[in-house]
Amino acid sequence: MQLRDDIKNFINSIPSNVTLVAATKYVSFEEMKVLFDNGINNFGENRVDAFLDKYEHLKEYDIKWHFIGHLQRNKAKYVIDKIDYLHSLDSLELAYYINKKRRTPLKCFIEVAINNEENKNGVELDNIYHFVEEILKLENIELIGLMMMSVRYSSHEELLNQFDKILQLRENLENEYNIKLPYLSMGMSDDYIEAISKGATHIRLGRILFKE
Ligand SMILES: *Cc1c(COP(=O)(O)O)cnc(C)c1O
């Protein structure tokens, strides 16, 4: 895949208080080098094996590594010491494991199943309070925010409604537990503009960085 011709302008069009995490599942480490040379140094991978391959090849680079896909508990050991952010914390089993194995706190977003079809692995709204309550007891989980995916092919209005839901949830959680959840990981190629307008701090972009 080739980068879009106007990649520099595209990157510059993203507000500077929003972190652009390049979703790398479509590309190899070579293409990541080109992205890096264009100023992107936050990368997000979905799969453990692909992550390890890319991590190995890009060790010399000053990169922030995000894991954005579902992380199975039995594969977590391969990645949890290498990543800087986990966007997809979605089970207590995984959280307890990370808490036990990490020597320093791992920055985590809870993936919330605001939309059950897109966030198949996210924490359901019925469970979220209990989930947060347990997470707050774990010293090696640094809970920094919430992550969601919007429903594909939503209209502009529908997108705004979905992002509003997570804003409301964040406010409720902050009030209930007297915590701060400063970061919101939301927005992909088709909805990052709406996501930014609703306060996304981390957008995860894949296809839009490249030519068709
Ligand atoms: C692939 C992927 C993205 C990026 O999707 P695009 O639509 O290509 O921008 C973002 N987040 C997650 C979790 C992904 O798997």
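Author: Two residues are in contact when heavy atoms lie within 4.5 Å. Helices (H or I, at least four residues) and strands (E, at least two) are DSSP runs, numbered from the N terminus. The model is a predicted one, in which local features need pLDDT of at least 70 and side-chain atom pairs count only at pLDDT 80 or more, while totals for chains, interfaces and linings use all residues. Residues are numbered from 1 along each chain as its sequence is written, and side-chain values use heavy atoms, with hydrogens and water left out.

Reader: Which residues of α5 meet which residues of α6?

Author: From α5, Ile128, Tyr129, Val132 and Glu133 meet Leu169, Asn172, Leu173, Glu176 and Tyr177 of α6.

Reader: At what angle do helix α5 and α6 pack?

Author: Axes are lines fitted to C-alpha atoms, for helices over the stretch in contact, and angles run from 0 to 180 degrees between N-to-C directions. Helix α5 (residues 128-135) packs against α6 at about 50°, and the axes are 11 Å apart. α5 is therefore oblique to α6; angles under 35 degrees count as roughly parallel, over 145 as roughly antiparallel, 65 to 115 as roughly perpendicular and the rest as oblique.

Reader: Why is strand β6 largely enclosed by the rest of the structure?

Author: Buried means under 20% relative accessible area, exposed over 50%, and partly exposed in between (1.4 Å probe, protein chains only). In β6 (residues 141-147), six of the seven residues are buried, so the strand is largely enclosed by the rest of the structure.

Reader: Which strands are joined to β6 by bridges?

Author: Two strands pair if DSSP finds at least two bridges between them. Strand β5 (residues 106-111) runs parallel to β6 and is joined to it by six bridges, with cysteine 108 opposite leucine 143. Strand β7 (residues 183-185) also runs parallel to β6, through three bridges, and leucine 184 in β7 is the bridge partner of leucine 146.

Reader: Is isoleucine 166 buried or exposed?

Author: Isoleucine 166, which is placed in helix α6, is buried, with a relative accessible area of 0%. Apart from neighbours within four places in sequence, isoleucine 166 is in contact with Val112, Ile114, Leu146, Met147, Met148, Leu184 and Met186.

Reader: Where does threonine 24 lie?

Author: Threonine 24 lies in the loop between β1 (19-23) and α2 (29-37). This residue, threonine 24, is buried, with a relative accessible area of 1%. Not counting residues up to four places away in sequence, threonine 24 touches Met32, Phe43, Gly44, Glu45 and Lys54.
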